[in-house]
Amino acid sequence: MNKIENNVLIIGSGPAGYTAAIYAARANLKPHLVSGLEPGGQLTITTDVENYPGFGDVIQGPWLMEEMKKQAINVGTVFHNDIVTSVNFTNNPFVSNTESGKEFISKSIIIATGAQARWLNIESENKFKGFGISACATCDGFFFKDQKVMVIGGGNSAVEEAIFLTKFASKVILVHRRDTLRAEKILQDRLFKNKKIEVIWNNKVVEFIGEDNPQTLKQVILENTKNGKKLTLDINGAFIAIGHDPATSLFKDKLDMDNENYIITKNDSTETSIKGVFAAGDVKDKIFRQAVTAAGMGCMAALEAEKFIAENN
Ligand code: NAP
């Protein structure tokens with residue numbers, strides 16, 4: 001067992017985790033950061049980023065995350081490409097174990113595990129996941145060159161994915177369960193102007209249909225949410241963009257969470273229900289969910305961890 005005693009363990013490698021690492025490292029706390037299953041987090045499955053301040057030109061999400069990682073390491077963060085598999089908050093210092101067999105003994109912990117894509121959870125969806133059904137247009141859009149694809153959802157993600165997919169697909173159908181989109185007005189304007197995109201309102205997916213050998217998605221059955229009428233459409237790909245769930249299963253029954261499993265923190269603070277354990281970014285924020293707000297919370301968490309360590313050691 002590789003035991004690592006440290007001041008601050010940061011779990012997660014999105015904007016919240018890296019910003020926490022940068023601030024903790026510059027406070028001489030020599031933080032250790034464990035990247036998690038998807039190093040770089042949600043921005044690594046994005047393309048254009050034009051709302052992260054400091055860049056005059058459009059930048060790419062994966063590039064931004066690489067730069068954040070570099071910055072965190074350059075100022076003294078110890079980076080571990082590993083997954084935390086258990087945490088024990090009963091006594092301080094806190095003990096956390098990882099998949100590769102490391103044991104961290106930490107004076108404070110910053111949780112920045114983010115959130116992950118939500119699925120429709122219908123049986124046929126599972127059958128074609130990875131065989132026509134995806135939750136990431138940026139990752140898989142390329143495979144649908146000159147084909148017909150569908151995006152399900154009505155938020156910023158769904159609209160952005162629909163627009164992005166027009167770079168490859170011959171036609172993009174956006175299916176939304178209501179008759180108004182939740183997405184920002186500027187994105188809606190771009191969507192409605194795009195001639196390759198058709199919007200189907202008041203409909204939900206009830207079944208995906210395809211072939212078994214090789215597994216190939218061929219059709220989708222929609223049901224009108226107002227009158228129950230069914231509609232079958234030929235499609236080659238379907239992108240589910242219906243929101244996210246916080247990655248908090250590791251902390252179940254160990255920290256206070258709300259009814260959607262987001263970690264609860266004190267007002268104007270990243271402090272959780274356990275003193276010395278802080279939470280930053282999408283794992284505790286279901287309102288803003290932006291890279292820049294996550295980064296801001298990462299900064300807050302590092303400053304609060306620094307204060308906690310100074311007062312308790
Ligand atoms: P979201 O805003 O929560 O939207 C989810 C959409 O999926 C909603 O339209 C919802 O419908 C629909 N939906 C949810 N469950 C469904 C189900 N079971 N079946 C069918 N439809 C379902 O999620 P998001 O678009 O992923 O965005 C998350 C956050 O990230 C937001 O705060 C967003 O502003 C932010 N974001 C920002 C940017 C940007 O600034 N460029 C880009 C992407 C995301 P209803 O509308 O009926 O509830």
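A crossing of two helices is left-handed if the near helix is turned anticlockwise from the far one by less than a right angle, and right-handed if clockwise. Keep that handy for the first stop.

Some housekeeping: this is a predicted model, so local features need pLDDT of at least 70 and side-chain atom pairs count only at pLDDT 80 or more, while totals for chains, interfaces and linings use all residues. Residues are numbered from 1 along each chain as its sequence is written, and side-chain values use heavy atoms, with hydrogens and water left out. Helices (H or I, at least four residues) and strands (E, at least two) are DSSP runs, numbered from the N terminus.

**Stop 1: H1 and H2**

Select 15–26 for helix H1 and 61–74 for helix H2: their axes come within 8 Å and cross at roughly 25 degrees. That makes H1 roughly parallel to H2 (angles under 35 degrees count as roughly parallel, over 145 as roughly antiparallel, 65 to 115 as roughly perpendicular and the rest as oblique). The axes are lines fitted to C-alpha atoms, for helices over the stretch in contact, with angles from 0 to 180 degrees between N-to-C directions. H1 passes H2 in a left-handed crossing.

Now show side chains. On H1, pick Pro-15, Tyr-18, Ala-21 and Ile-22; on H2, pick Met-65, Met-68, Lys-69, Gln-71 and Ala-72, and you have the contact (heavy atoms within 4.5 Å). By class it holds seven nonpolar, one polar and one charged residues. Here Ala, Val, Leu, Ile, Met, Phe, Trp, Tyr, Cys and Pro count as nonpolar, Asp, Glu, Lys and Arg as charged, and the others, Gly among them, as polar.

**Stop 2: the five-stranded sheet**

Next, colour the open sheet with order E10-E17-E11-E12-E13, paired in parallel. Two strands pair if DSSP finds at least two bridges between them. Strands E10 (133–134) and E13 (197–200) are at the edges with a single partner strand each, so one side of each has no neighbour in the sheet. Zoom in on E11 (148–152) and E17 (237–240), parallel strands joined by four bridges; Val-149 stands opposite Gly-237 in E17.

**Stop 3: H5 and H6**

The touching residues are Asn-156, Val-159, Glu-160, Ala-162 and Ile-163 of H5, with Leu-187, Gln-188, Arg-190 and Leu-191 of H6.

**Stop 4**

Select E14 (203–211) and E15 (216–224), antiparallel strands joined by eight bridges. Asn-203 stands opposite Asn-224 in E15, and Gly-210 has Leu-217 as its bridge partner. A hairpin of four residues joins the two strands. In that loop sits Pro-214, and the peptide bond from Asn-213 to Pro-214 is cis, with omega near 0 degrees.

**Stop 5**

Finish at Asp-146, whose phi is near 60 degrees, a positive value in a residue other than glycine. Asp-146 is exposed, with a relative accessible area of 58% (buried means under 20%, exposed over 50%, partly exposed in between, with a 1.4 Å probe and protein chains only).
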